[in-house]
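Good morning, colleagues. Please keep the display in view while I speak.

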Amino acid sequence: MAKKDFTIFDLMARFPDEKSCIIYLSEQKWASGYCCIKCGSTKNKQGKKKDNKRCKTCGYEESPTSNTLFHKIKFPLQKAFYICYQLSVNKKGMSTLELSRQYGLSQKTCWFFKRKVQKAMVSSDAHPLEDVLEIDEFSIGSHEKEKPGRSDGKKKKVILGVEIVLNKKEKLTIGRAYSRVIDDYSTQSFKPFFEEKINAKSTIFTDLWSSYKPLSNKYDINQEKSNNGESMKLLHTHIMNMKGWLRGIHHHISTKHAQCYMDEYHFKFNRRLNLENCFDKLILGMTKNEWFSYKMASQTT
Ligand SMILES: [Zn+2]
C-alpha cells in the first residue's frame, strides 16, 4: 500500500469553520444511529439548538460534543480538530509546550486535551497481532543505557510485540505493533498482553526468558538466544525507535503516563500508511470515549 498523504491544506478544505466540525462530529457520533443515553429510545427530534438531538421519549437533549471527549471543551472545536490533526499525523507528535505556543492556549489546557487524545488512541483490541510475531520485554525510563532486554530499577517494565511481514519488495519488515506496561516479567504479567493483543494461532518468537515457557500451552512459542539484540533485529530496532521517540520531544514525561505515550506511538505507527484514516479514526475515538476530569487525568497510572 502506498503512503497516502493528508496535508494541512486537505484539513483546511474539509474543516474551514466551526460549523463543518460540528456537522462532522454529529455524523461520527451518531453514525450507527441515535440512541438516547438516558432511556435508550431511538426516536429523536431536533433540539433547542439546531445541531442538538432531543429524545422524543424522555426529552433529554444532547449536543454532538456531550458525552464525548470534546465535552465541556473550553476552546473552539476547529482548534481542537487542528490539534487532533497534528497529534495524529505528525510522526514525532507534539509536546504540550509546542501546542500551547502554536494555539495560544495554556499549557495546562493542552496537557489535559492531549490526555483525551491519547485516551482516544487506545486500541480497541479488535484486531490482535497475527501470523508471525516477535515479542520482547524491557524497561523504559529517562537516561537509560540503550540495551535490549530486561533491567531493574525505578523504570517502567514493558512487553512489546510486532508482526513480521513481507513488504512489496519481498523484504521482511514490521506490520503492526503493540506494547503494554507490566508490573514484572512474570508469566502472570505477560498473560493479559497475550490475551488481548495476540491472535492465539500466531507463530511467536521470543528470547530465552523462562516466563514465556508456561505460555506455550496455549501459544506456539519459539524461544531463541537474544545474542545482545542480534537476533530479532526488526523488533529491537522498533523498540529503539519507540524509546528514542519517548525520550526525544517527550523527555519531560512522567513514566506514570508511559502507557498513554506508547498508545499514542502505536496508534500512529499502525496507521502510518494512511494518514487521513489516522485523523478520522482519532475523531471517531474521541466521540466513542467518555469524558473525564482534569483530576482523573492527573491520577492515571
Ligand atoms: Zn430518552
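**Sheets, helices and cores**

Strands β4 and β5 run antiparallel and are joined by 8 bridges. Before I continue, please note that this is a predicted model, in which local features need pLDDT of at least 70 and side-chain atom pairs count only at pLDDT 80 or more, while totals for chains, interfaces and linings use all residues. Residues are numbered from 1 along each chain as its sequence is written. Helices (H or I, at least four residues) and strands (E, at least two) are DSSP runs, numbered from the N terminus. Two strands are said to pair if DSSP finds at least two bridges between them.

β4 and β7 run parallel and are joined by 3 bridges, with E134 opposite F205 in β7. β7 and β8 likewise run parallel, over 4 bridges, and here F205 stands opposite N222 in β8.

Let me turn to helix α7. Residues 233-247 form this helix of 15 residues, which reaches 21 Å from its first C-alpha to its last, close to the 21 Å expected at 1.5 Å a residue. The expected span is 1.5 Å times one less than the number of residues. Which residues of α7 are buried? They are L235, H236, H238, I239, M242 and L246, where buried means that 20 or more other C-beta atoms lie within 10 Å of a residue's own, exposed means 12 or fewer, and partly exposed lies in between, with C-beta atoms placed from the backbone. Seen down the axis of α7, the buried residues fall within an arc of 155 degrees, so they line one face of the helix; the arc is that of the directions from the helix axis to the C-beta atoms. On the other side of α7, K233 and G244 are exposed. The buried residues of α7 pack against β4 (132-140), β5 (156-166), β6 (172-182) and α8 (258-269).

I come now to the cores. A nonpolar core is a set of buried Ala, Val, Leu, Ile, Met, Phe, Trp, Tyr and Cys residues joined through C-beta atoms within 7 Å. The largest has 28 residues, of which L133, V158, I159, L160 and Y261 touch the most other members. The elements giving two or more residues to this core are β4, β5, β6, α6 (187-197), β7 (203-206), α7 and α8. α8 gives the most, with 5 residues. Apart from this core lies another, of 26 residues, among them F81, F267, L282 and M286.

Helix α5 (residues 107-120) has buried residues that include C110, F113 and V117. The buried residues of α5 pack against α3 (77-89), α4 (96-103), α8, α9 (275-288) and α10 (294-299).

A second open sheet has 3 strands in the order β1-β2-β3, with antiparallel pairing. Strand β2 (residues 53-55) pairs with β3 over 2 bridges, and K53 stands opposite E62 in β3.

Finally, two loop residues. Most residues other than glycine have a negative phi. N67, in the loop between β3 (61-62) and α3, has a positive phi of about 60 degrees although it is not a glycine. D125, in the loop between α5 and β4, has a positive phi of about 65 degrees and is not a glycine either. Is D125 buried or exposed? D125 is exposed, with 10 other C-beta atoms within 10 Å, whereas N67, with 16 C-beta neighbours inside 10 Å, counts as partly exposed.

Definitions and conventions:
Two residues are in contact if their C-beta atoms, placed from the backbone, lie within 7 Å.
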